[in-house]
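This report concerns a single protein chain. The structure is shown first, and the discussion comes after it.

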Amino acid sequence: MSVKLSPSTLLSSSPPLPHAYYSPPLLSMSILRRLAPNHLTTHLRHHHRRRLATAAAAVRQDTSIWTQAPLCEIEPAAESLFHVSIDVSDSPDLAASHTRAGQYLQLRVPDVEKPSFLAIASPPSYAAEKGAFEFLVKSIAGSTAELLCGLKKGDVVELSQASGRGFEIDQIEPAEKYPIVLIFATGSGISPIRSLIESGFSADKRSDVRLYYGARNLKRMAYQDRFKDWESSGVKIVPVLSQPDGRWTGESGYVQAAFAKAKQIYSPTGTGAVLCGQKQMTESKTVVHGEEIDWVEWPERVCSYELKEQDY
């Protein structure tokens, strides 16, 4: 899954990655104020120019500081997905660079110059407590991520420091003012969402926090073993399968459709949304109060990730 940050009015963030494997996010992960359509067009054009300039600068020079670190765990997390844990206990500056959920870093494997951009799946406190970064990586043929998934415990990789502003959750605080938070993730887009949920954002103090999590089928849905803990923290999990088998009785189709079918009718005031999914998801429309709307322009606060590779 790759993710790129795209400006919108929902809680969305975007760094590119194949199941936690990103191509470089060129915009910050932020929660944006609602924009009128004409202002949004100007905003998008401005960021398009800035993204081109950023990309050109990245080609001219790699200024990343690289730190060697060994793999301490690598194992299947779901079909085509791998849980990867990297030991950063001997690199306190690297560990301390992860300060907010939604940040990412670059990773290089031996003898390969081109890095992968990976969303950090573990919460920021994990590096200090356990001395490791955790990732959810999709193995894509011919990619650096595939090479990473083929390594073994003890193999050494190189990491850059964590980058990006991450999810600016302070934009939907206090919880009393934003009692509703809707989270949408597909495929490996669950990686930064795990970091967000486990970092904590006062979900238990809000009236309705729900995660619509989409995957092709249950075999491709990572972190099912964490659902119970997430729900105990105040986040209701709504699994959505696009190609379920005949035994599935839950939501099917796509996450935006599952949201549209929900009986609750939300007001944009006091509602925040977090998106991490395909371009089709962020550009789709839904119906609220009988009116078709662009759902990424509806909530009062939005932060979104756009996945660049189809894994859903």
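The sections below treat confidence, overall architecture, salt bridges and aromatic contacts in turn.

## Confidence of the model

The model is predicted. The protein chain has an average pLDDT of 77, and 67% of its residues reach at least 70. Over residues 51-61 the pLDDT stays under 50, and the model shows 4 contacts there beyond four places in sequence. Residues 285-300 also have a pLDDT below 50, but this stretch has 61 contacts in the model beyond near neighbours in sequence. Where pLDDT is low, the predicted coordinates should not be read in detail.

## Overall architecture

The protein chain has 312 residues, of which 53% are buried. Its secondary structure consists of 8 helices and 17 strands. Among contacts with a separation of 6 or more, 73% involve residues 24 or more positions apart. The chain exposes about 14,000 Å², with carbon and sulfur atoms supplying 49% of that area.

## Salt bridges

The count of salt bridges comes to 11. One of them joins Arg206 to Glu173, with 3.1 Å between the closest N and O atoms. This pair links distant parts of the chain, 33 residues apart: Arg206 lies in the loop between helix 5 (190-199) and strand 11 (208-215), and Glu173 in the loop between strand 9 (156-159) and strand 10 (180-186). Arg206 is buried, at 7% relative accessible area, whereas Glu173 is partly exposed at 29%. The loop between helix 5 and strand 11 also holds Lys205, which is exposed with a relative accessible area of 59%. Lys205 and Ser233 are 28 residues apart in sequence, and their C-alpha atoms are 9.6 Å apart in space.

Within helix 5, Arg194 and Glu198 are 4 residues apart and therefore separated by about one helical turn. Their side chains meet in a salt bridge with an N to O distance of 3.2 Å. Arg194 is buried at 1% relative accessibility, while Glu198 is partly exposed at 27%. A further salt bridge connects Arg210 with Asp208, the closest N and O atoms being 3.2 Å apart. Both partners count as buried, Arg210 with a relative accessible area of 9% and Asp208 with 15%. Elsewhere, salt bridges with shared partners join Glu134, Arg194, Glu198 and Arg226 into one network.

## Aromatic contacts

The whole structure contains 8 aromatic pairs. In one of these, the rings of Tyr223 and Trp230 have centres 6.1 Å apart and planes at 65°; because an angle over 60 degrees counts as edge-to-face, the pair falls in that class. Tyr223 and Trp230 are both buried. Phe227 and Trp230 form a tilted pair, with 5.9 Å from centre to centre and 40° between the planes. These two residues lie 3 residues apart in helix 6 (residues 227-232), so about one helical turn separates them. Phe227 is buried with a relative accessible area of 14%, and Trp230 is buried with 2%.

Tyr213, Tyr223, Phe227 and Trp230 form one aromatic cluster. Trp230 therefore takes part in both the edge-to-face pair with Tyr223 and the tilted pair with Phe227. Another contact that involves a ring pairs a charge with an aromatic residue: the charged end of Arg108 sits over the ring of Trp66, 3.8 Å from the ring centre.

Key: Residues numbered from 1 in each chain as written. Predicted model: local features only at pLDDT ≥ 70, side-chain atom pairs only at ≥ 80, totals over all residues. Heavy atoms only, no water. pLDDT = per-residue confidence, 0-100. Contact = heavy atoms within 4.5 Å. Buried < 20%, exposed > 50% of the residue type's maximum accessible area, 1.4 Å probe, protein only. Areas by Shrake-Rupley, 256 points an atom, 1.4 Å probe, with all protein chains shown as cover. Salt bridge = Lys/Arg side-chain N within 4 Å of Asp/Glu carboxyl O. Phe/Tyr/Trp six-rings, centres within 6.5 Å; stacked < 30°, edge-to-face > 60°. Lys NZ or Arg CZ within 6 Å of the ring centre and 35° of its normal.
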